[in-house]
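Subject: Structure handover

Hi,

Here is the structure for you to look at. My notes on what turned up follow below it.

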Amino acid sequence: MNDDADLLTRAAAGDETAFGALVRQHTPRMYRVALRITGSAAEAEDVVQDSWLAAWRSLASFRHESAVSTWLYRVVTNSALALLRRRRPTISLDAPEPDGRSTLDSALLAGADPGPEGRVVRAEEVDAVLRAIGRLEVSQRVPLVLRELEGLSYEEVAEVLDVNVGALRSRLHRARVALLAELRER
């Protein structure tokens, strides 16, 4: 976004208000990514805070070769992966949106109202998918979260993960196969 680039340029020049605007605009998405990768709300909050500190320190080195949002996804993904290297991954992926639903909940629950029984079944399906995603290897979970739950393009995910699009497609294929295997075991 052009507005993001302008805010980042102003923040790099020392404008704390501009940096605050970036924080307000991008924190919810960064939190979702961190939560989906770490599986813990408390750790996701720490990851987002660490990410913003890293972003603040790196403002002057941002080269404007990618979108600000892509750069921030990369910062938060790297921070989350660093945290995972320091501890064993967990399974809980209880990422509520402000309305109480996760992004996946909203996607799966969209459409015609299935009635009370249908909503319960769908909610159980959403929970099963989120738990299965949480059991994936990190190398599979991260691209899946960025592409399928956050809706980034293949090119954006490849840039965030610093891989080419072909390698990303391969990782996503393996992640989808592993996810289906996890769900079939249920």
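Does Phe19 count as buried or exposed, and at what relative accessibility? Phe19 counts as buried, because its relative accessibility is 12% and the cut-off for buried is under 20%. Please keep in mind that this is a predicted model.

**Overall picture**

The protein has 9 helices and 0 strands. Read from the N terminus, the elements run α-α-α-α-α-α-α-α-α. There are 186 residues, and 45% of them count as buried. Take the contacts with a separation of 6 or more: 63% of them join residues 24 or more positions apart. The accessible surface comes to about 10000 Å². Carbon and sulfur atoms hold 50% of that surface.

**The aromatic cluster**

Back to Phe19. The structure holds 3 aromatic pairs.

Phe19 has another partner, Trp56. That pair is edge-to-face too, at 4.7 Å centre to centre and 70 degrees between the planes. It links distant parts of the chain: Phe19 is in helix H2, Trp56 is in helix H3, and 37 residues separate them. Trp56 is partly exposed, with a relative accessible area of 35%. Phe19, Trp52 and Trp56 make up one aromatic cluster.

**Around Ala11**

Ala11 belongs to helix H1. Its relative accessible area is 1%, so Ala11 is buried. Which residues does Ala11 touch, not counting those up to four places away in sequence? They are Ala18, Phe19, Trp56 and Leu59. Two of these, Phe19 and Trp56, are also members of the aromatic cluster. Ala11 and Leu59 are 48 residues apart in sequence, yet their C-alpha atoms are 7.3 Å apart in space.

**The nonpolar core**

In soluble globular proteins, nonpolar side chains tend to be buried together. Here the largest nonpolar core has 50 residues. Trp52, Trp71, Leu146, Leu161 and Leu168 touch the most other members. Which elements give two or more residues to this core? They are helix H1 (2-12), H2, H3, helix H4 (68-86), helix H6 (115-135), helix H7 (138-149), helix H8 (154-161) and helix H9 (165-185). H4 gives the largest share, 10 residues. Domain 1 (1-89) and domain 2 (102-185) both contribute, so the core lies between them.

Trp71 deserves a look of its own. Leaving aside neighbours within four places in sequence, Trp71 is in contact with Leu8, Ala55, Ser58, Leu59, Phe62 and Ser66. Leu59 is also a residue that Ala11 touches.

In H7, the buried residues are Gln140, Arg141, Val142, Pro143, Leu144, Val145, Leu146 and Leu149. Leu146 is among the residues that touch the most other members of the largest core. Just after H7, Gly151 takes a positive phi of about 75 degrees.

Then check Tyr154. Arg147 lies over its face, 4.0 Å from the ring centre. Arg169 also lies over the face of Tyr154, at 3.9 Å from the ring centre.

**Backbone angles to check**

Most residues other than glycine have a negative phi, and most peptide bonds are trans. Which residues other than glycine have a positive phi here? His64 is one of them, with phi near 60 degrees. His64 is in the loop between H3 and H4. At 44% relative accessibility, His64 counts as partly exposed. Asp162 is another, also with phi near 60 degrees. Asp162 is in the loop between H8 and H9. Asp162 counts as exposed, because its relative accessibility is 56% and the cut-off for exposed is over 50%.

Best wishes

Key
Residues are numbered from 1 along each chain as its sequence is written. This is a predicted model: local features need pLDDT of at least 70, side-chain atom pairs count only at pLDDT 80 or more; totals for chains, interfaces and linings use all residues. Side-chain values use heavy atoms; hydrogens and water are left out. Helices (H or I, at least four residues) and strands (E, at least two) are DSSP runs, numbered from the N terminus. Buried means under 20% relative accessible area, exposed over 50%, partly exposed in between (1.4 Å probe, protein chains only). Contact means heavy atoms within 4.5 Å. Accessible areas come from the Shrake-Rupley method with a 1.4 Å probe; for residues, only the protein chains shown count as cover. Rings of Phe, Tyr and Trp (its six-membered ring) pair if their centres lie within 6.5 Å; planes under 30 degrees apart count as stacked, over 60 as edge-to-face and the rest as tilted. A charge sits over a ring if NZ of Lys or CZ of Arg is within 6 Å of the ring centre and within 35 degrees of the ring normal. A nonpolar core is a set of buried Ala, Val, Leu, Ile, Met, Phe, Trp, Tyr and Cys residues joined through side-chain atoms within 4.5 Å. Domain bounds come from an automatic or database domain assignment.
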